[in-house]
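Student: I have a structure to study and some questions about it. Can we go through them one by one?

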Amino acid sequence: MGEASERLDEGVARVLRLIGGPGGPPSLEAMRTRPPVVAELKGPPEPVDHVADLTIDGPGGDLGLRFYRSRCTDPPPLLVYMHGGGWVVGDLDIQDGLCRALANRTGCALLSVDYRLAPEHPFPAAVEDSWAALEWAAANGAGLDVDPHRLGVAGDSAGGNLAAVAALRARDRRSPSLGVCAMLCPITDCRTDDRSMIEMAKGYFLTRERMEWYWDQYAPAGVDRTSPELSPLRADLTGLAPMVVVTAGLDPLRDQGVDYARACSAAGVDTVLLHQAGTIHGFLGFQASLPRSRPALDEVAGLIFRRLAAGR
């Protein structure tokens, strides 16, 4: 599935030109500074019928959540969402546009989680916050006027990793019951030396150097990065909730996402792999500038909806 030599789609090439290169070795300050052009490339957020910021008691203190609900008459399913950013960057705003689009297209309510970030809060802080939000959602769905019996998890990049770990915990602890786990360009393994990591080491938005730096912040020396709660690809995957895995052809994380989907399928898990050739990591968020991201997001939303609707 080597694709780095393909001719770049003009839309993708334009996005890469506007974002620019990584600008030297990663730094915390640089990573947490969002260039205005990124917001322009993502486009204006879609209107949603109801959006509210909430705070619950989390493992490390107050845990922020953002609740989205599109217009519907019956209590909808609920999707708990973890944002990307290498466990180091991000908040409730970083994927606000994508969360709104998912809420509108899936017909689900959506609960976005403002988990604690590394390096100030390394592993397992993000895992514990994500799990606390999922447990809270399962216990308090009726108060949100959603159907707590139709519950799923989702996330992009590092958030996809957290969603996968939440699905493992839900299986092992036999609660809550999940109808779907959707992982968008996810991190599933600690390796940084596979084919796609080497082929797309630089020049395609996410870089190998940046990915290695993210790992150093989140799981510093002395932490076993092969643990299933860091590298879910290495877990026993039998008995998991249905999986929807999205990969991009020009993403350094491509191969580990593909491997995760194949391993889930081999373990007997209902798994759909949606691979989008010729595009970059996080492409689903660039709705205003990558035309192919819209039909791809529609397909992802349809898969999520059908799996959660089956829980009626």
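Student: Is Cys-185 buried or exposed?

Tutor: Keep in mind that this is a predicted model. Cys-185 has a relative accessibility of 4%. The cut-off for burial is under 20%. Because of that 4%, Cys-185 counts as buried.

Student: Where does Cys-185 sit, and what is its phi?

Tutor: Cys-185 is in the loop between S6 and helix H7 (195-199). Cys-185 is not a glycine, yet its phi is positive. The value is about 50°.

Student: Phe-205 also interests me. Which loop holds Phe-205, and what is its phi?

Tutor: The loop lies between H7 and helix H8 (208-218). Phe-205 is a residue other than glycine, and its phi is positive. That phi is near 80°.

Student: How does Phe-205 count in terms of accessibility?

Tutor: Its relative accessibility is 27%. Buried needs under 20%, and exposed needs over 50%. Therefore, at 27%, Phe-205 counts as partly exposed.

Student: What is omega for the bond between Ser-175 and Pro-176?

Tutor: Pro-176 is in the loop between helix H6 (158-173) and strand S6 (180-184). The bond from Ser-175 is cis. Omega is about -5°.

Student: Now Ser-70. Is it buried or exposed?

Tutor: Ser-70 is in the loop between strand S2 (61-69) and strand S3 (78-82). Its relative accessible area is 10%, so Ser-70 is buried.

Student: Which backbone oxygen does the side chain of Ser-70 reach?

Tutor: Leave aside neighbours within four places in sequence. Ser-70 then contacts Val-48, Asp-49, Ala-103, Asn-104, Gly-107 and Cys-108. Its side chain reaches a backbone oxygen at 3.4 Å. That oxygen belongs to Ala-103.

Student: How many helices and strands does the protein chain have? And why is the chain as compact as a globular protein of that length?

Tutor: The secondary structure comes to 10 helices and 8 strands. The globule rule gives 20 Å for 312 residues, and the chain is close to that, so it is as compact as a globular protein of that length. Its radius of gyration is 18 Å.

Student: What share of the residues counts as buried?

Tutor: The chain has 312 residues. A residue is buried when its relative accessible area is under 20%. The buried share is 56%.

How values were computed:
Residues numbered from 1 in each chain as written. Predicted model: local features only at pLDDT ≥ 70, side-chain atom pairs only at ≥ 80, totals over all residues. Heavy atoms only, no water. Helix = DSSP H or I, 4+ residues; strand = E, 2+ residues; numbered from the N terminus. Buried < 20%, exposed > 50% of the residue type's maximum accessible area, 1.4 Å probe, protein only. Polar contact = N/O pair within 3.5 Å; in protein donor to acceptor, adjacent residues only side chain to side chain. Contact = heavy atoms within 4.5 Å. Rg over C-alpha atoms; globule rule 2.2 N^0.38 Å.
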